[in-house]
Amino acid sequence: MSVIDDLASEFARLPGIGRKTAYRLTHHLLKSPPEEAGRLAGAIVTMAERVKRCAICGSLGETDPCEFCLSGVRDRTTICVVEEASDIAAIEGSGSFRGLYHVLGGCLSPLDGIGPEELKIDALLARLDDGVGEVILATNPSVEGEATATYLHKVLASRGMSVTRLARGLPVGGDLEYADGVTIAQALAGRRDM
Amino acid sequence: MFLARISLRNFRNFENEVIELPQEGAALIGANGQGKTNLLEAIYYLEIFRSFRGARDDQLVNFGAEYFRVEAHVACVDDGEGGEAVEVAAGYVRDGRRKKVTINGGEAARMAEGIGRIGAIIFTASDVEMVAGGPGARRRFLDIALSLVEPSYLADLQRYRQILTQRNELLRERGDASSLAAWNDGLVAVGSRIMQARARWISDARPRFSRHCEAISGGEEAAMEYAPSVSMINGEQADGSKLTREEWESAFREQLDRLRERERRRGVTVVGPHRDDLRLGLLGRRDQLSLRAFGSAGQQRTAAIALRMVEAETWRESRGRRPIVMLDDVFAELDPQRATRMFEMLSSQEWGQVIVTSPKPDDYALMGGRLSEYRIERGRVNRI
């Protein structure tokens, strides 16, 4: 195998990248000035060296504990539970949550051999003592995410914790006309008084 | 609304055919193995995006070809029914097993969005399996009929199957009670929606089914009832159609609890809509006899046709227009009296476009001259 094939097969191991795309990326780098390849390689190495998983919440950042857990201005009474560290970026992007996070590292899925022991649930329970008043379950609305939320709800409610779940329904800014039937049915089921 | 044009490319034994159909319908005449059923399969593919014969998509591609594509143009007629003309197309490529569904040229975001746009009901000789076979065939019938009229039914069904697979895996590996409980909520919530929809549909369909059976057979009475795996608590509301969502949920939950030991031993979920049945019976002098066990071949065929007619009727009522009716060599299976009665029923105003297949151009197939005759030979179609 040539060095070109080597790089392409590394790219192909990444999610969402097939063989053809891997070669397209490789040839793009070959055509670009050498500094560009150097910058990319450097960024990858630096990321791998510097990014740590926070021992408290499981999020990814350059410090451990992470910036959220260390922050003096965030609301320490609310914890938002997510499946993956990448979900945090989406919630942070909304700018409307100022509490702390907790990353489970996946969701319950017997078919993939993932039970409660495989998730960071003990670590979450260990955090509940320090004045936490509400846990928001922000697992995905998939079958597995819902089962995970149900499981957590039972565990947390038995400890007297107030537990909430993200609502679902129509996307903001979307036209009703373009929403699919399933989404509209969900939104109807979850309608509220005005 | 009627199917005005169907184009096939590399679908089964059709290489490249464009067929225009008149508003009244067509009789597709040809010897066995020439492609009559394949053509109906192609039309119905655009209704549910899979083969009604249970074939895999790659088996539908013409031998030696890389892809197939089917397109239909459903046209509007001025019959007071309203509705909008629609173009539905589906393509499948062997390489990468890609399937693409387009509605009026735009790609459908979900398969469910495209389902039921043609508005077709198909009667086939193998429908008798719904009556004579196991409960799986009857559940499939219920599921297709309900998916076509209730928008959220299909999504619920898919979700239920996913939960069931996960839960069964957990039971198989002997997961603990609290993990199992995490899956029960979803199972009960989604399962109850399915049971409630089925109970209502069946309650509504029961008198229609009896009426059609009686009309085709010339006086024999038949009945249908829901036989849910979750037994209903309230004896007096026997058909379950009046039960609320909450009542279904509590019955389901209670039985999951009660059968906990058995499902642990067996390693599968033993109760729920995946074990439902639709009971079909002949009304005897004293009691009801199971059509599956005691019905004659003719009675079973009659009941199968009646089920399809019920499906067509509920479809018509939910959409406010008549579906396209396809009959795959159905008359040949019936005795002359039953064939004549069915033929008379289909000729009435209640039914719209009819597409019939038959090996010979007899009076039944052509519906007394109402239908135009098409000849099918080795994947080529010609209007006579």
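This is a predicted model: local features need pLDDT of at least 70, side-chain atom pairs count only at pLDDT 80 or more; totals for chains, interfaces and linings use all residues.
Residues are numbered from 1 along each chain as its sequence is written, chains are lettered from A and ligands numbered from 1 in the order in which they are written, and side-chain values use heavy atoms, with hydrogens and water left out.

With a relative accessibility of 36%, Asp176(B) is classed as partly exposed; the classes are buried (under 20% relative accessible area), exposed (over 50%) and partly exposed (in between), for a 1.4 Å probe and protein chains only. Together with Glu117(A), Glu118(A) and Asp122(A), Asp176(B) makes up a negative surface patch. Patches consist of residues with over 30% relative accessible area and no salt bridge, like charges being joined within 9 Å and nonpolar side chains (Val, Leu, Ile, Met, Phe, Trp, Tyr) within 5 Å. In this scheme Lys and Arg count as positive and Asp and Glu as negative, while His and the chain ends are not counted; the place of a charge is NZ of Lys, CZ of Arg, CG of Asp or CD of Glu. Arg174(B) counts as exposed, at 59% relative accessibility.

A positive phi is also found for Asn104(B), near 50 degrees and again in a residue other than glycine. Asn104(B) belongs to the loop between E6 and strand E7 (106-107) of chain B.

Over all chains, the whole structure contains 34 salt bridges, each defined as a side-chain nitrogen of Lys or Arg within 4 Å of a carboxyl oxygen of Asp or Glu. One of them joins Lys99(B) to Asp57(B), with an N to O distance of 2.8 Å. This pair connects distant parts of the chain, 42 residues apart: Lys99(B) is in strand E6 (residues 98-103) of chain B, and Asp57(B) is in the loop between helix H1 (36-48) and strand E4 (67-75) of chain B. Lys99(B) is partly exposed at 29% relative accessibility, whereas Asp57(B), at 15%, is buried.

Glu263(B) and Arg167(B) form a further salt bridge, at 2.7 Å from N to O. Glu263(B) is in helix H8 (residues 260-266) of chain B and Arg167(B) in helix H5 of chain B, so the contact ties together parts 96 residues apart in sequence. Both Glu263(B) and Arg167(B) are buried. In the pair Asp276(B) and Arg198(B), the closest N and O atoms are 2.9 Å apart.

Ala155(B) and Val190(B) are separated by 35 residues in sequence and by 9.7 Å in space, C-alpha to C-alpha.

The domain assignment of chain A comprises domain 1 (3-50) and domain 2 (60-165), with bounds taken from an automatic or database domain assignment. The C-alpha centres of these two domains of chain A are 33 Å apart. A nonpolar surface patch is formed by Leu40(A), Ile44(A), Met47(A), Val51(A) and Leu60(A), with about 440 Å² of accessible area together; accessible areas come from the Shrake-Rupley method with a 1.4 Å probe, and for residues only the protein chains shown count as cover. Helix H3 (residues 34-50) of chain A contributes the most to this patch, with three residues. Leu60(A) lies in strand E2 (residues 60-61) of chain A and is partly exposed at 48% relative accessibility.

Asp64(A) and Pro65(A) are joined by a cis peptide bond, with omega about 0 degrees. Pro65(A) is in the loop between E2 and helix H4 (67-70) of chain A.

Key:
Helices (H or I, at least four residues) and strands (E, at least two) are DSSP runs, numbered from the N terminus.
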